[in-house]
Amino acid sequence: MVKLRKSLSAGHGVNAWLQQRITAVVMLLAALVLIAFIGFGSCAAVDGFSAWKSFFDCTLVKIVSQILVIAVVIHAWIGMRDIVMDYIKSYSARVTLYMLIILWLLGSLIYSAAVLWTA
Amino acid sequence: MSKKIKFSIYRYNPEKDAKPYFQDYEVEVGDHDKKLLNALVKIKDELDDSLSFRRSCREGVCGSDAMNINGRNGLACLTDLADLKQPIVLAPIPGLPVIRDLIVDMTQFFHQYHSIKPYVIDDRPMPERERLQSPEDRKELDGVIECILCACCSTSCPSFWWNPDKFLGPAALLHAYRFIADTRDQATNDRLNDLNDPYRLFRCHTIMNCVDVCPKHLNPTRAISRIKETMLARMA
């Protein structure tokens, strides 16, 4: 029975729980680092589009921003999966929702990478 | 001096009633009738002997008379009449099938309790006398063994309402921790493996309704956190 439960479940209890907490800490740290960069860093922005553009031209800002987005995507996936697991009983509805959420989050991740690294 | 107390009580007899309804009562209680259960027994004795509810020890030990009192789960025998706003609205504890009036079918609840193997597992040869435990080790079980399985906590937990067949609920998890924390038990690893899936333990989202309603003032949320900590310690 335990085997069946594990093979049917998306992810494994304590791992998902731990990942959600680790990504939360990463999100907090990355956000604080970005705020610090805006405030005092060598990549400090002033105002307006060109200032923001030059801010995001800084490689360190790109790396921290990308780490932040990755953490958000993992955190959101575990959270959304939790909500679906709590409330949606129908197997087909659940799989459909999982796929939509994965598409949305992967899309966001790819789009964020495109914005950060190609602009 | 006696006084009158107003009640609105959930009634449902599946043999007669198409659907549940609330019935109003007004009962006269004396100075010695301090607890909600006293008034309920009076209603049954004097006004309506068809009213059904469970009760046994009438002092918060057996856990039979758990019910939803003015929207909050509790034991009728431990609840002071003087603290309750009237009319006192009584309903069965939510989330379990109603058998009749305030009596619910607790099969699902006890199924989850039994699934955690609520007994000390030790396959080593039996000692000549009992398995001893030091006073310090025994202290670990304080605040855990006092649970009377009244189901007030589990039936106020939304995660248990949504997934009563897969999520153990706070009461069973409190007992799971009781055996994980017991130094005489030799099956800690198996117990943790059994809980390490997306549902049995991890549907708990720490909203702490269980702590809020426990009539014995226990803290299932803390026990659940301790289980998670033990799992993490095992991974490290």
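Tutor: A crossing is called left-handed if the near helix is turned anticlockwise from the far one by less than a right angle, and right-handed if clockwise. Please bear in mind that this is a predicted model.

Student: What is the handedness of the crossing in which H2(A) passes H4(A)?

Tutor: The axes of H2(A) and H4(A) come within 8 Å and cross at roughly 150°. Angles over 145 degrees count as roughly antiparallel, and the two helices are therefore roughly antiparallel to each other. As for the sense in which H2(A) passes H4(A), the crossing is left-handed.

Student: How many nonpolar, polar and charged residues does the contact of H2(A) with H4(A) have?

Tutor: On the side of H2(A), the contact residues include A:Ala16, A:Gln19, A:Thr23, A:Met27 and A:Phe37. H4(A) contributes, among them, A:Val61, A:Ser65, A:Leu68, A:His75 and A:Gly79. Sorted by class, the contact has 17 nonpolar, six polar and no charged residues.

Student: Against which helices do the buried residues of H4(A) pack?

Tutor: H4(A) covers residues 59-87 and reaches 42 Å from its first C-alpha to its last, close to the 42 Å expected at 1.5 Å a residue. Its buried residues are A:Val61, A:Val64, A:Ser65, A:Leu68, A:Ala71, A:Trp77, A:Arg81 and A:Met85. They pack against helices H2 (13-39), H3 (48-57) and H5 (91-118) of chain A.

Student: What share of the contacts in chain A with a separation of 6 or more comes from residues 24 or more positions apart?

Tutor: Chain A has 119 residues, of which 12% count as buried. Among its contacts with a separation of 6 or more, the share from residues 24 or more positions apart is 66%.

Student: In chain B, how do the residues of the contact of H5(B) with H6(B) divide by class?

Tutor: H5(B), residues 170-181, packs on H6(B), residues 188-195, at an angle of about 155° with the axes 9 Å apart. That angle makes H5(B) roughly antiparallel to H6(B). The contact is formed by B:Ala176, B:Phe179 and B:Ile180 of H5(B) with B:Thr188, B:Arg191, B:Leu192 and B:Leu195 of H6(B). By class, these residues divide into five nonpolar, one polar and one charged.

Student: Is H5(B) parallel, antiparallel, perpendicular or oblique to H8(B)?

Tutor: H5(B) and H8(B), the latter spanning residues 220-235, pack with their axes 9 Å apart and at an angle of about 50°. Angles under 35 degrees count as roughly parallel, and 65 to 115 as roughly perpendicular. The angle of H5(B) to H8(B) therefore makes the pair oblique.

Student: Does B:Ser56 count as buried or exposed?

Tutor: B:Ser56 is placed in the loop between helix H1 (36-47) and strand S3 (66-69) of chain B. Leaving out residues up to four places away in sequence, B:Ser56 touches B:Cys62 and B:Ser64. Because B:Ser56 has 11 C-beta neighbours inside 10 Å, it counts as exposed.

Conventions
Residues numbered from 1 in each chain as written. Chains lettered and ligands numbered in written order. Predicted model: local features only at pLDDT ≥ 70, side-chain atom pairs only at ≥ 80, totals over all residues. Axes fitted to C-alpha atoms, helices over the stretch in contact; angles between N-to-C directions. Helix = DSSP H or I, 4+ residues; strand = E, 2+ residues; numbered from the N terminus. Contact = placed C-beta atoms within 7 Å. Nonpolar A, V, L, I, M, F, W, Y, C, P; charged D, E, K, R; others polar. Expected span 1.5 Å × (residues − 1). Buried ≥ 20, exposed ≤ 12 C-beta atoms within 10 Å, placed from the backbone.
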